[in-house]
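Work through the following exercises with the sequence and the model beside you. Try each task before you read its solution.

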Amino acid sequence: MSFKIFVDLAMPPDALEMLQQGTKGHQLMFPQKPISSVLAEPGHDPQFAEADMAFGQPDPAAIARAGHLKWIHVSSSGITRYDNPQFRALMAGRKIAVTNSAGVYQEACAEHVFSFMLAQARNLPASLKSRAVNGSKEWHTLRGSNRTLRGQTVLILGFGDIGKRLVEMLRPFDMNVIAYRRKARGDEGVPVVTPDQLPHTLASVADHIINILPDNLESRHFFNAARFARLKPGAIFYNIGRGTTVDQDALRDALHAGRLKAAWLDVTEPEPLPEHHPLLAEPNCFITPHLAGGHLDEAKTLVGHFLKNFERFVNGQPLIDRVM
C-alpha cells in the first residue's frame, strides 16, 4: 500500500535525500513555504486534505478537516499546539495516532541542563571573565566560590525522557534526585513528590529546581510568585521546558531579592526577550536562545526517527514516542 506523506519541514539536502530514500514507493508532499521553526505558525496547504500521514508541525485546523489522516509525527518533543482536550478527543475518535520526537532531543536537552549545573557549580561565568592573579584576594574569592554537585538535591518537574536521561547523567555525582508528578507511575527510578508534597520539597529540600514542564493550560505560570517565595534560600532554577510556565516578573523578583542564587534559562516568553527586559539586567540570570535540543546533524537525526516509526507503522508495530 502506498501512502501520501505531507512534510512541512525545511531541511538540508542530505536530510531530504535520506527521507526520500527511506520512503521510496510512497508519495511525499511539500508545501510551497515549509516552516522554518517549530514555533512558527503552519500555513494552509490544499494538499494536506489528501495526506495519509503528516511529518512536522501540521495545522490543527487542517488536521480537523483532513479525511485521510492515519498518523501524525510531530517534529518536536513538545506538542503545545496539540495538547488540549478537544484535539485529543478528535484523535481518539478518528483513531489517528500521534507521535512526537522526544527520542531525538532527550540527549541534547539533558546535556544542556547538565552543562548549566556544572557551569553554576564551578562558577564559570565569573571565572571566565576574570584575570585574577594566583594568590590574590580576587583569586581566593573565586576559588572559594566553586563547589561540587555531590550530595545536593535536584528536583525535576516534567519528568519524561529528558528527566530520565538526566538522572543517568547525575548518578555518578551522588546527588539526591526527586521527580515531581501529579501521580507516581512506579517506573521513575527515583523518589516522586506529588502536588501536596511540592511546597515542602521546594522550601526545605531542593537545591536545584529543573523545569521541563510542557506548555498547557495547567502549566501556565506554574512557577509564580507564591512558588518562588517558597524556595529554599540559595536554590538555583533552570528552565528548558517552555517560557510560558514561568512568571518572569516573579522570577526576576526572586533573583533580585536573593532568594534564588541564580537562574539558567533556555526558554523565555517571548523569544528572544525584548531589549531592556528586567531579566537581562540580572547578573545571575543566564539565558541561551532555545538551543537545548540542538545538535550536529539534527535534521538527519529527526528524519531517522521518523523513518523508524514509518517502518513500524507500515508493519503494524507499536510506534515510538506515541503521545495520543
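**Exercise 1.** Find which residues of helix α7 are buried, and decide on which side of α7 they lie.

*Solution.* Begin with the terms: a helix is a DSSP run of H or I with at least four residues, a strand is a run of E with at least two, and both are numbered from the N terminus. A residue is buried under 20% relative accessible area, exposed over 50% and partly exposed in between, with a 1.4 Å probe and protein chains only. In helix α7, which covers residues 161–170, the buried residues are I162, G163, L166, V167, M169 and L170. These residues cover an arc of only 160° around the axis, taken from the directions from the axis to the C-beta atoms, and therefore they lie on the same side of α7. As background, an α-helix has 3.6 residues a turn, so residues three or four places apart point the same way. Next, look at what covers them, where contact means heavy atoms within 4.5 Å: the cover includes α4 (102–121), β6 (153–157), β7 (176–180) and β9 (208–211).

Before going on, note that this is a predicted model, in which local features need pLDDT of at least 70 and side-chain atom pairs count only at pLDDT 80 or more, while totals for chains, interfaces and linings use all residues. Residues are numbered from 1 along each chain as its sequence is written, and side-chain values use heavy atoms, leaving out hydrogens and water.

**Exercise 2.** How many aromatic pairs does the structure hold, and which parts does the pair of F6 and F48 tie together?

*Solution.* Rings of Phe, Tyr and Trp (its six-membered ring) pair if their centres lie within 6.5 Å; planes under 30 degrees apart count as stacked, over 60 as edge-to-face and the rest as tilted. The structure holds 15 aromatic pairs. One of them joins F6 and F48, with 5.1 Å centre to centre and 90° between the planes, an edge-to-face arrangement. Because F6 lies in strand β1 (residues 4–7) and F48 in the loop between β2 (27–29) and β3 (53–56), the pair ties together parts that are 42 residues apart in sequence. F6 counts as buried at 5% relative accessibility, and F48 counts as buried at 4%. The rings of F228 and F237 have centres 5.4 Å apart and planes at 75°, so this pair is edge-to-face as well. Finally, F3, F55, W71, F306, F310 and F313 form one aromatic cluster.

**Exercise 3.** Describe how strand β11 is covered, and which strands pair with β11.

*Solution.* Five of the six residues of β11 (residues 260–265) are buried, so that the strand is mostly covered. Two strands pair if DSSP finds at least two bridges between them. Strand β10 (residues 235–239) pairs with β11 in the parallel sense over five bridges, and N239 stands opposite L265 in β11. From β10 the chain crosses through helix α10 (residues 248–256) to β11, in a right-handed β-α-β crossover; right-handed means that, with the strands pointing away from the viewer, the path from the first strand over the helix to the second runs clockwise. Strand β12 (residues 285–287) also pairs with β11 in the parallel sense, over three bridges, and here A263 stands opposite C285 in β12.

**Exercise 4.** Is N309 buried or exposed, and which residues is N309 in contact with?

*Solution.* N309 is found in helix α11 (residues 298–314). At 0% relative accessibility, N309 counts as buried. Leaving aside neighbours within four places in sequence, N309 is in contact with W71, H73, T99, L319 and I320.
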